[in-house]
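Here are some exercises to work through with the model open beside you. Try each one before you read its solution.

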Amino acid sequence: MPPVGASRPGAPGRNRDTAILALLSFAMFTVSLDQYIVVVALPDIARDLGYSAHTLQSVISAYAVASAGFLLFGGRAADLLGRRRILATGLALYAAAALVGGLATVPGTLLAARAVQGLGGALVFPTTLALINVTFREGRPRNRALGLWGGAGAAGLVIGVLLGGLLTHAFGWEAVFLVNVVLAVPALLLAFVLIPADPPRDRTRSFDLPGALSVTLGVTLIVFALVQGPGFGWLSPGVLLSGVVGLLLLAVFALVERHSPDPLVPPRLLANPSLVTSVVIAFMFMATFGSVLYFLSLHFQQILGYDALETGIGFLIPTAVVVAGSTTAGQLVTRFGLRRTLLGALAVGVLGAVLLGIAVTHDGSYAELVPGLVALSAGDGIVFTGMFIAAGTGVADRDQGIASGIASTGSGMGAAVGLALLVLVQTAGLGGLTGEPLRDATAQGIGDALFAVAAGIALTFLVVLFRPEGRPASQPVAAPIPPCQGRRC
């Protein structure tokens with residue numbers, strides 16, 4: 001494969017590569033945005049649509065459950081059915097569901113729209129990553145591209161809260177859904193302009209439908225149990241049944257994979273130490289870094305007394321730092337290596353979480369949060385990009401979609417597990433309290449959750465420190481591909 005941007009017959013040049021990278025980064029930003037854009041709007045949604053305090057969290061969990069459950073499916077579908085086709089399908093679902101959500105007048109319609117948005121995001125996320133990994137050669141070109149893509153994704157998570165506050169304040173909660181239509185539709189149209197058409201499907205490769213159904217349903221049920229456990233009770237029949245059936249379906253998936261001629265998760269990928277480690281890091285990242293946004297939003301509104309607009313503005317500093325960290329991560333990996341870059345970022349992240357835990361008090365100020373916000377956000381941005389660089393290292397082009405799906409499924413599971421456990425830590429001392437004692441205990445609980453985040457990041461540091469080095473000999477950087485597919489198939 002020639003260097004990116006090199007001229008050759010039939011191959012797009014550097015300008016086309018740059019345009020594709022911009023489009024994929026924008027698509028990643030769009031779907032990342034929606035994970036937290038509704039957080040600040042939740043009180044207004046509850047008032048207008050009649051949600052109770054017990055059911056309001058489902059507006060967030062509906063997206064999280066659907067997204068986590070279908071990520072592996074989306075990655076494999078991209079490999080087998082065509083990456084442009086799956087990207088376009090995901091963006092179309094995402095835009096249509098956002099429109100329905102913005103026009104919803106009853107809770108059921110909104111929840112259905114959020115679930116379909118999660119499905120659309122599950123198709124877009126791994127597909128954008130796979131397209132970048134097959135477009136840019138492993139090493140400096142791919143690291144740089146993933147830095148920009150990762151910056152867009154990490155920024156979307158944080159900007160979602162900022163934009164949600166601004167839109168809710170100016171136009172009402174409906175705007176946090178309708179803005180996704182404005183973003184996704186142009187991306188959908190540009191996908192057909194910029195990304196080459198998919199080659200004919202390789203009929204020698206099967207989709208492994210039994211494996212796809214069992215793992216998708218299994219992960220969906222487990223994530224549902226983890227998300228709903230804190231609210232409904234871990235021993236409630238619905239949560240217990242979902243968890244048990246989910247685990248059984250994952251066991252079925254393992255049996256199906258052992259006997260499938262073309263398994264959903266090829267064994268050669270599980271022999272890739274870089275990919276396996278990236279899954280662990282992705283899980284831990286979303287369980288720790290990824291959960292902080294929820295607790296910061298809680299602190300801004302319930303402790304500092306910010307309204308929706310002020311809460312959004314409070315995320316300006318972490319947004320800027322996350323973007324800077326993510327976009328420079330590729331250069332850092334190229335210069336210092338993946339392990340050193342991740343270790344440095346995780347160490348800074350531990351420091352940031354500890355500083356935030358100390359600064360979060362019932363009588364504290366925003367200024368006291370800034371040192372911790374800066375350190376934690378810097379580590380957040382760098383690790384986000386770094387873990388996806390690891391996910392694509394040593395993976396053949398034909399498997400980039402499923403590899404991306406594996407890593408992103410780890411992040412989705414981590415988000416559900418981490419938030420469920422941290423909410424238990426945060427709410428442990430709130431029973432029976434009201435008024436000022438409740439406010440004081442809430443601040444203390446948020447601080448405890450942030451210290452737990454610091455411990456989780458420290459554990460991730462140890463995982464990276466002792467991760468196996470090297471690429472398995474059986475896993476080439478890029479497997480030979482038919483000439484008709486080109487370098488972007």
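Helices (H or I, at least four residues) and strands (E, at least two) are DSSP runs, numbered from the N terminus. This is a predicted model, where local features need pLDDT of at least 70, side-chain atom pairs count only at pLDDT 80 or more, and totals for chains, interfaces and linings use all residues. Residues are numbered from 1 along each chain as its sequence is written, and side-chain values use heavy atoms, with hydrogens and water left out.

**Exercise 1.** Work out which helix holds Thr460, and whether Thr460 is buried or exposed.

*Solution.* Start with the helix: Thr460 sits in H17 (residues 435-465). Next, check the area: Thr460 has a relative accessible area of 2%, so it counts as buried (under 20%; exposed is over 50%, partly exposed in between, with a 1.4 Å probe and protein chains only). Now look for contacts (heavy atoms within 4.5 Å): leaving out residues up to four places away in sequence, Thr460 touches Ile281, Met284 and Leu346. Finally, a polar atom of the Thr460 side chain lies 2.9 Å from the backbone oxygen of Gly456.

**Exercise 2.** Check what length helix H6 should span.

*Solution.* First, the rule: the expected span is 1.5 Å times one less than the number of residues. H6 (residues 140-171) has 32 residues, so it should span 46 Å. Then compare: its end C-alpha atoms are 43 Å apart, which agrees. Look along H6 too, and you'll find a kink of about 35° centred on Ile159 (the angle between axes fitted to the seven residues ending there and the seven starting there). Just past H6, Gly172 has a positive phi of about 100°.

Methods. Polar contact = N/O pair within 3.5 Å; in protein donor to acceptor, adjacent residues only side chain to side chain.
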